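Student: I have a structure open and would like to go through it. Can you help me read it?

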Amino acid sequence: MFLCNKTVLLLLLLLTVLSLSAQASSNNNNTFSVSFALISRRFSHDDLSPSYYSSFVSQTKQNRKVARAPSLRYRSKFKYSMALVVSLPIGTPPQTQEMVLDTGSQLSWIKCHKKAPAPPTTSFDPSRSSSFSVLPCTHPLCKPRIVDFTLPTDCDQNRLCHYSYFYADGTFAEGNLVKEKFSFSAAQSTLPLILGCAKDTSEDKGILGMNLGRLSFASQAKISKFSYCVPTRVSRVGYTPTGSFYLGENPNSAGFRYVSFLTFPQSQRSPNLDPLAYSVPMQGVRIQGKRLDIPATAFHPDASGSGQTIVDSGSEFTYLVDVAYNKIKEEVVRLAGPRMKKGYVYGGVADMCFDGNAMEVGRLIGDMVFEFERGVEILIEKERVLADVGGGVHCVGIGRSEMLGLASNIFGNFHQQNLWVEFDLASRRVGFAKAECSRSV
């Protein structure tokens with residue numbers, strides 16, 4: 001990881017400590033506010049593809065390895081190339097752990113490993129925490145299936161609750177379900193929360209699950225709202241793009257504009273619907289001021305759940321169902337078709353790609369606007385319409401949902417750059433505001 005050097009990590013930790021503003025009392029959650037640095041972190045994989053193994057992608061049938069629960073879907077993504085990473089203090093005394101911020105998944109987990117006398121900093125050592133405990137097999141969560149948490153669990157040889165996550169690319173994380181505190185300051189910490197303690201995983205970052213499920217971090221910690229500001233992407237040596245992540249009140253919220261998120265019974269089991277996701281009422285797309293002829297039904301769930309539009313910090317690109325994607329591509333071809341890289345499809349999902357000067361192509365395409373209810377709009381300026389996918393190629397940061405086996409629209413973190421995004425759980429709404437998120441560390 002090109003950002004993982006000791007100096008940057010120490011500075012980030014210092015920034016986190018200095019930014020803590022724990023104002024909470026046990027009786028008034030509305031005053032709680034604590035902030036952390038948020039890093040837009042690039043990961044190196046053999047196949048640098050967008051994060052299309054989203055929280056909403058079902059387990060691939062050909063790679064399914066869990067015979068005991070063949071019908072389960074797994075709500076976690078993994079093969080990202082760009083993710084939002086926050087460092088959180090966990091345990092007693094706290095150990096700082098890097099976690100991928102994911103509003104599309106429920107279970108939070110960290111990488112656990114008993115460390116040597118001179119330990120590395122990438123994993124959590126349970127033996128060093130006095131507040132750590134492991135869930136026994138008798139715990140109610142240790143069942144093959146439970147209503148709102150589609151995770152297969154079983155008893156291991158030590159009679160402890162064991163879980164496994166398998167991903168569409170064959171990577172996995174497994175370990176025990178445990179309880180542990182998040183310690184924000186000497187005076188402010190959560191009660192012990194249920195999370196995964198992964199002892200066998202191919203990744204060195206955990207997941208901070210923040211969806212509407214009862215076992216997400218936000219639900220267990222009883223956080224009434226949280227927000228983040230995604231920094232812009234840069235590749236300049238010596239510069240770390242750093243944004244902000246708030247739990248509780250955000251002092252910048254006066255300018256936020258809100259849309260109510262759609263809610264569904266968590267028992268609802270429509271085949272294409274995720275009732276735990278942050279589903280928003282999207283209405284349309286404009287390019288250079290022209291409203292594209294996309295039917296509103298493309299952005300709203302039907303009886304099967306198809307068309308659900310989700311805000312997901314854990315997905316890199318935005319993904320749209322074919323009826324919307326095709327209209328956008330039609331307009332992009334009209335505006336910049338001669339510059340398009342013919343026959344090129346990035347990651348199997350995005351085929352609006354270009355060689356050459358990205359700024360020139362961006363000017364040809366122009367600004368893009370995503371429209372939501374109540375007049376809320378998200379402007380993607382022409383300078384940020386294209387994503388650098390390597391090798392001198394730039395693509396419009398939108399992929400086809402149906403190439404992932406999805407029937408949903410996913411608003412990913414590429415289109416959340418320089419944007420405050422707030423999830424107000426108490427008022428059941430999502431807020432947006434244009435911002436200058438990046439600051440040098």
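Tutor: Start with a term we will need: a residue is buried under 20% relative accessible area, exposed over 50%, and partly exposed in between. Keep in mind also that this is a predicted model.

Student: OK. Is Glu360 buried, exposed or partly exposed?

Tutor: Glu360 has 36% relative accessibility, so it counts as partly exposed.

Student: What does Glu360 form a salt bridge with?

Tutor: Its partner is Arg339, and the closest N and O atoms are 3.3 Å apart. Glu360 lies in helix α4 (residues 358–365) and Arg339 in the loop between α3 and β20 (353–354), so the pair ties together parts that are 21 residues apart in sequence. Arg339 is partly exposed too, with a relative accessible area of 30%.

Student: Why would two side chains pair like that?

Tutor: Side chains of opposite charge can pair when their charged atoms come close.

Student: How many salt bridges does the structure hold?

Tutor: There are 18 salt bridges in the structure. One of them joins Asp424 to Lys225, with the closest N and O atoms 3.9 Å apart.

Student: Where do Asp424 and Lys225 lie?

Tutor: Asp424 is in strand β27 (residues 419–424) and Lys225 is in strand β13 (residues 225–229), so this pair ties together parts that are 199 residues apart in sequence.

Student: And Asp424, buried or exposed?

Tutor: Asp424 is buried, at a relative accessible area of 3%. Lys225 counts as buried as well, at 11% relative accessibility.

Student: What about Arg334, which residue does it form a salt bridge with?

Tutor: With Glu331, where the closest N and O atoms are 2.6 Å apart. Both residues lie in helix α3 (residues 322–336), 3 residues apart, which is about one turn of the helix.

Student: Is Arg334 buried or exposed?

Tutor: Arg334 counts as exposed, at 53% relative accessibility. Glu331, on the other hand, is buried, with a relative accessible area of 5%.

Student: New topic, sheets. In what order do the 4 strands of the open sheet come?

Tutor: The order is β17-β16-β21-β22, and the pairing is antiparallel. The edge strands are β17 (290–291) and β22 (377–380), each of which pairs on one side only.

Student: How many bridges join β16 to β21?

Tutor: Strand β16 (residues 282–287) and strand β21 (residues 368–372) are joined by 5 bridges and run antiparallel. Within that pairing, Val285 has Phe370 in β21 as its bridge partner.

Student: Which strands does α3 touch?

Tutor: Helix α3 packs on the sheet and touches β16 and β17. The direction of α3 makes about 10° with that of β16.

Student: Last one, β1. How many of its residues are buried?

Tutor: Strand β1 (residues 33–42) is mostly covered, with 9 of its 10 residues buried.

Student: Which strand do 7 bridges join to β1?

Tutor: That is strand β14 (residues 242–248), and the two run antiparallel. As an example, Val34 has Leu247 in β14 as its bridge partner. β1 also pairs with strand β2 (residues 82–90) in the antiparallel sense, over 5 bridges.

Student: What stands opposite Ile39 in β2?

Tutor: Val85 does.

Key: Residues numbered from 1 in each chain as written. Predicted model: local features only at pLDDT ≥ 70, side-chain atom pairs only at ≥ 80, totals over all residues. Heavy atoms only, no water. Buried < 20%, exposed > 50% of the residue type's maximum accessible area, 1.4 Å probe, protein only. Pairing = 2+ DSSP bridges. Salt bridge = Lys/Arg side-chain N within 4 Å of Asp/Glu carboxyl O. Contact = heavy atoms within 4.5 Å. Axes fitted to C-alpha atoms, helices over the stretch in contact; angles between N-to-C directions.
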